[in-house]
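Subject: Structure handover

Hi,

Here is the structure we spoke about. Please open it next to this message. My notes follow below.

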Amino acid sequence: MAAFSAMANGDPVAVHSALTLSPTPVAKHVPEVQLVDELVTFTPNDRYMEVIVRYNLQNNSNHTFDKLPYGFPIDYFGSGSARWENQDNISESEMEVGWRDSYIRNVCFTLNDRQLKWQCSRDTIIVPEKKTLFSDVFYDIEPDSAGTYSQKIINRMYAEYGEHIYERSQPVSRRWYYTYLNIPANGSVVLEVRYTVECTFTTGLYERKNNLVSYRNDYFGNLLFQYDFTPASYWGNGHADHFKATLDDSDITLLKGDDNDNGINGLPMKKKGNIWQYETQHFDLAAAKPFTVAYMLKNPPHQPLERMLKHCVPASEYTIQVSGADKKYPAANLCDRNLATTTVLKADKNDSIYITIRFKKPTALEGMILVNGYTKNPLQLAHRQFDGFWQLLFSPNTWK
């Protein structure tokens with residue numbers, strides 16, 4: 001995490017997403033079932049990476065495996081619910097720690113094209129918090145003859161500075177998404193696992209604290225995806241007889257590192273068009289290096305609409321007046337927070353169209369969102385958009 005966040009510029013940054021690693025799905029050690037074929041595809045989509053893993057498994061024994069537990073773990077920094085904390089004791093940067101459900105989306109397990117039920121485990125801490133002395137506090141204090149600080153010195157410094165003499169690392173927690181498999185004796189099955197995981201990324205600290213988010217395309221970047229192939233070595237002899245990995249870079253720009261790498265590490269992928277690919281036989285899963293992709297988006301990410309709606313001024317605190325409206329599409333639709341409703345505006349006698357918002361008391365605003373068109377469905381949006389421009393006029397307690 002520290003190495004990643006250091007890629008940002010000199011301004012304080014906000015490190016979004018506490019996820020640290022996405023290990024490949026794993027079962028308990030099953031030497032009787034050989035991994036004949038593994039095909040994994042990675043497709044960046046906005047701030048997320050879609051992962052699809054398809055396995056061809058062959059049971060070489062006379063034993064039928066019923067309700068074999070199987071799943072993939074997700075590791076993240078911190079514990080409990082998501083929150084923001086200082087990244088270290090020196091910079092003003094912050095990092096997100098803890099869990100939020102939007103980290104993982106679109107989870108799906110299928111066995112021979114039949115969808116399986118799945119569930120989540122309780123979170124467990126796999127790396128505990130570590131507490132170390134903050135060296136900057138002791139910069140002018142001589143250590144003892146062994147090069148360490150005695151308990152007497154530590155107690156004296158603690159009495160003066162309290163908990164500030166310590167640095168604490170974030171614990172690492174793990175959550176499992178799992179299901180159960182049935183593999184017949186001497187039979188083969190095709191198992192597919194897919195999910196979408198949020199990548200770690202950085203933005204300017206101001207933009208993190210701005211509820212009306214507006215990411216700049218030239219700044220937003222430094223996304224990092226990490227994946228671990230080694231847990232799949234629990235199948236058979238620990239090798240995939242045939243292995244193929246694919247990455248689509250159509251919507252991203254890979255970030256080259258200091259060693260002239262192409263932004264992809266862990267697999268010697270080759271590019272053809274927008275597709276990076278690596279294919280081999282007898283792939284040693286236990287010896288596989290962590291697979292990482294460092295990139296930035298070619299286009300600005302989607303705005304976090306759910307987050308912005310949480311910070312809306314309640315409709316009860318202002319009134320709206322329009323130049324004219326259709327009774328079927330009243331002005332109240334402007335502030336019902338439902339994008340499937342709309343207001344049809346009519347011009348006044350001066351052929352002007354306006355919206356007047358009057359607040360009942362002085363109100364601090366970060367901005368205003370005006371959705372242009374009827375967003376009930378793509379067809380309505382294409383045919384019913386406002387063709388022109390808006391002018392904002394300000395007066396006490398009034399926006400026009």
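Arginine 175 is buried, because its relative accessible area is 15% and the cut-off for buried is under 20%. Keep in mind that this is a predicted model.

Salt bridges

Aspartate 101 has a relative accessible area of 59%, so it is exposed.

In total, the count is 11 salt bridges. Glutamate 192 is buried, at 14% relative accessible area. Arginine 194 comes to 29%, so it counts as partly exposed. Both belong to a network: salt bridges with shared partners join Glu50, Arg54, Glu192 and Arg194.

One more bridge is worth a look on screen. Glutamate 85 and arginine 83 meet through their side chains at 2.9 Å, N to O. Glutamate 85 is partly exposed, with 28% relative accessible area. Arginine 83 is partly exposed too, at 32%.

Strand β6

Now turn to strand β6, which spans residues 65–77. Aspartate 75 is found in this strand. Is aspartate 75 buried or exposed? Its relative accessibility is 5%, so aspartate 75 counts as buried. Its side chain has a polar contact with the side chain of arginine 174, at 2.7 Å.

Aromatic pairs

The structure holds 21 aromatic pairs. Here is how to read the values: a pair of aromatic rings is described by the distance of the centres and the angle of the planes.

Take tyrosine 70 and phenylalanine 109. Their ring centres are 6.4 Å apart and their planes stand at 85°, so the pair is edge-to-face. Tyrosine 70 lies in strand β6 and phenylalanine 109 in strand β9 (residues 104–111), so the pair ties together parts that are 39 residues apart in sequence. Both residues are out of the way. Tyrosine 70 counts as buried because its relative accessibility is 1%. Phenylalanine 109 is buried as well, at 0%.

Strand β6 supplies another ring. Phenylalanine 72 forms a stacked pair with tyrosine 195, at 4.1 Å from centre to centre and 15° between the planes. Phenylalanine 72 is in β6 and tyrosine 195 is in strand β16 (residues 188–198), so this pair also links distant parts of the chain, 123 residues apart. Phenylalanine 72 counts as buried at 0% relative accessibility. Tyrosine 195 counts as buried at 1%.

Which residues do ring pairs link into a cluster? They are Phe42, Phe225, Tyr227, Phe229, Phe243, Tyr278, Phe283 and Phe291.

Where to start

Then go to β6, where you can find aspartate 75. Finish with the aromatic cluster, which includes Phe42 and Phe291.

Best wishes

Methods. Residues are numbered from 1 along each chain as its sequence is written. This is a predicted model: local features need pLDDT of at least 70, side-chain atom pairs count only at pLDDT 80 or more; totals for chains, interfaces and linings use all residues. Side-chain values use heavy atoms; hydrogens and water are left out. Helices (H or I, at least four residues) and strands (E, at least two) are DSSP runs, numbered from the N terminus. Buried means under 20% relative accessible area, exposed over 50%, partly exposed in between (1.4 Å probe, protein chains only). A polar contact is a pair of N or O atoms within 3.5 Å; within protein, one must be able to donate a hydrogen and the other to accept it, and residues adjacent in sequence count only if both atoms are side-chain atoms. Rings of Phe, Tyr and Trp (its six-membered ring) pair if their centres lie within 6.5 Å; planes under 30 degrees apart count as stacked, over 60 as edge-to-face and the rest as tilted. A salt bridge is a side-chain nitrogen of Lys or Arg within 4 Å of a carboxyl oxygen of Asp or Glu.
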